[in-house]
Amino acid sequence: MKTGIFSGSFNPVHIGHLALANYLCEYEGLDEVWFLVTPHNPLKEEDELMDDTFRLKLVQLAIAGYPKFKASDIEFNLSRPSYTIHTLDKLKETYPDREFHLIIGSDNWTLFPRWYQSERILAENHILVYPRPGYPVSFDSLSENVKVASSPTFEISSTFIRRAMEEGKDVRYFLHSAVYEALSSKFPR
């Protein structure tokens with residue numbers, strides 16, 4: 001079972017996340033994608049994060065009814081800050097029947113050498129890099145366990161969604177309808 005690990009703050013999850021995961025399942029050989037809601041990314045500020053369980057709930061609402069997607073809170077139970085290598089180790093220990101593929105954007109790929117134990121992640125795991133505008137990936141230096149997806153790019157960010165909702169903008173078509181409804185209570189218009 002080829003399982004894509006899409007780890008992020010999903011603050012909130014939006015249609016760009018969902019469309020990308022859908023593409024990776026249908027066109028890049030993944031059997032499923034697990035959305036791992038991260039409690040805290042060591043490379044990001046924590047103060048703008050919505051509550052962990054609320055972000056998990058939003059992912060659950062967004063993926064409900066689609067059998068190839070799963071929401072995971074595995075990182076909620078790991079020590080913080082949350083490091084990808086610890087998550088991958090725990091996943092492999094807990095689900096030995098799966099072949100995990102770490103999904104990261106090309107923007108994060110440029111920062112990958114700064115990741116905690118990045119060389120070990122690279123040596124022991126499959127990595128699937130998706131394109132982000134302005135961050136081309138050189139195919140020359142990729143090891144055989146790194147694949148670059150040819151997915152479409154989406155210039156939508158969770159920060160844009162939050163700012164728009166704070167300003168009272170109607171951005172319902174940037175979000176799954178259930179996510180928009182759940183967020184509307186947090187960002188009254």
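Student: What is Val 13 in contact with, leaving aside its neighbours within four places in sequence?

Tutor: With those neighbours set aside, Val 13 is in contact with Leu 18, Leu 58, Val 59, Ala 62, Leu 175 and Val 179. "Contact" means heavy atoms within 4.5 Å. Keep in mind that this is a predicted model: local features need pLDDT of at least 70, side-chain atom pairs count only at pLDDT 80 or more, and totals for chains, interfaces and linings use all residues. Residues are numbered from 1 along each chain as its sequence is written, and side-chain values use heavy atoms, with hydrogens and water left out.

Student: Why is Val 13 called buried?

Tutor: Buried means under 20% relative accessible area, exposed means over 50%, and partly exposed is in between (1.4 Å probe, protein chains only). Val 13 has 1%, so it counts as buried. You'll find Val 13 in the loop between S1 and H1.

Student: What makes Phe 10 stand out in its phi?

Tutor: Phe 10 isn't a glycine, yet its phi is positive, about 45 degrees. Most residues other than glycine have a negative phi, and most peptide bonds are trans. Phe 10 lies in the loop between S1 and H1. With a relative accessible area of 3%, Phe 10 is buried.

Student: How do you know whether Gln 117 is buried, exposed or partly exposed?

Tutor: Look at its relative accessible area: 31%, so Gln 117 is partly exposed. Gln 117 sits in the loop between helix H4 (106-111) and helix H5 (118-124). Its phi is also positive, near 55 degrees, in a residue other than glycine.

Student: And why is Glu 119 called exposed?

Tutor: Its relative accessible area is 69%, so Glu 119 goes in the exposed group. Glu 119 is in helix H5. Glu 119 and Ile 85 are 34 residues apart in sequence, but 10.0 Å apart in space, C-alpha to C-alpha.

Student: Which residues does a cis peptide bond join, with omega about 10 degrees?

Tutor: Asn 11 and Pro 12. Pro 12 is in the loop between S1 and H1. Another cis peptide bond joins Arg 80 and Pro 81, with omega about 5 degrees, and Pro 81 is found in the loop between S3 and H3.

Student: What makes S4 and S5 a pair?

Tutor: Two strands pair if DSSP finds at least two bridges between them. S4 and S5 have five, in the parallel sense, so they pass that cut-off. As one example, Leu 102 stands opposite Ile 127 in S5. Ile 127 in turn stands opposite Val 146 in S6, and three bridges join S5 to S6.

Student: What is the order of the six strands in the open sheet?

Tutor: The order is S3-S2-S1-S4-S5-S6, with parallel pairing. S3 (69-72) and S6 (146-148) are the edge strands, since each pairs on one side only.

Student: Why is S5 called largely enclosed?

Tutor: Four of its five residues are buried, so the rest of the structure largely encloses S5.

Student: What lines the largest cavity?

Tutor: Ile 5, Ser 7, Leu 36, Glu 75, Thr 84, Thr 87, Leu 88 and Leu 102. On a 1 Å grid over the protein atoms alone, a cavity is a set of points where a 1.4 Å probe fits but cannot get out, and lining residues have an atom within 4 Å of a point. H3 gives the largest share of this lining, three residues. The space inside is about 30 Å³, taken as what probe spheres set on the points would fill, with grid points joined across faces, edges and corners.

Technical notes:
Helices (H or I, at least four residues) and strands (E, at least two) are DSSP runs, numbered from the N terminus. On a 1 Å grid over the protein atoms alone, a cavity is a set of points where a 1.4 Å probe fits but cannot get out, and a pocket is an open set with protein on both sides within 12 Å along at least five of seven lines; lining residues have an atom within 4 Å of a point.
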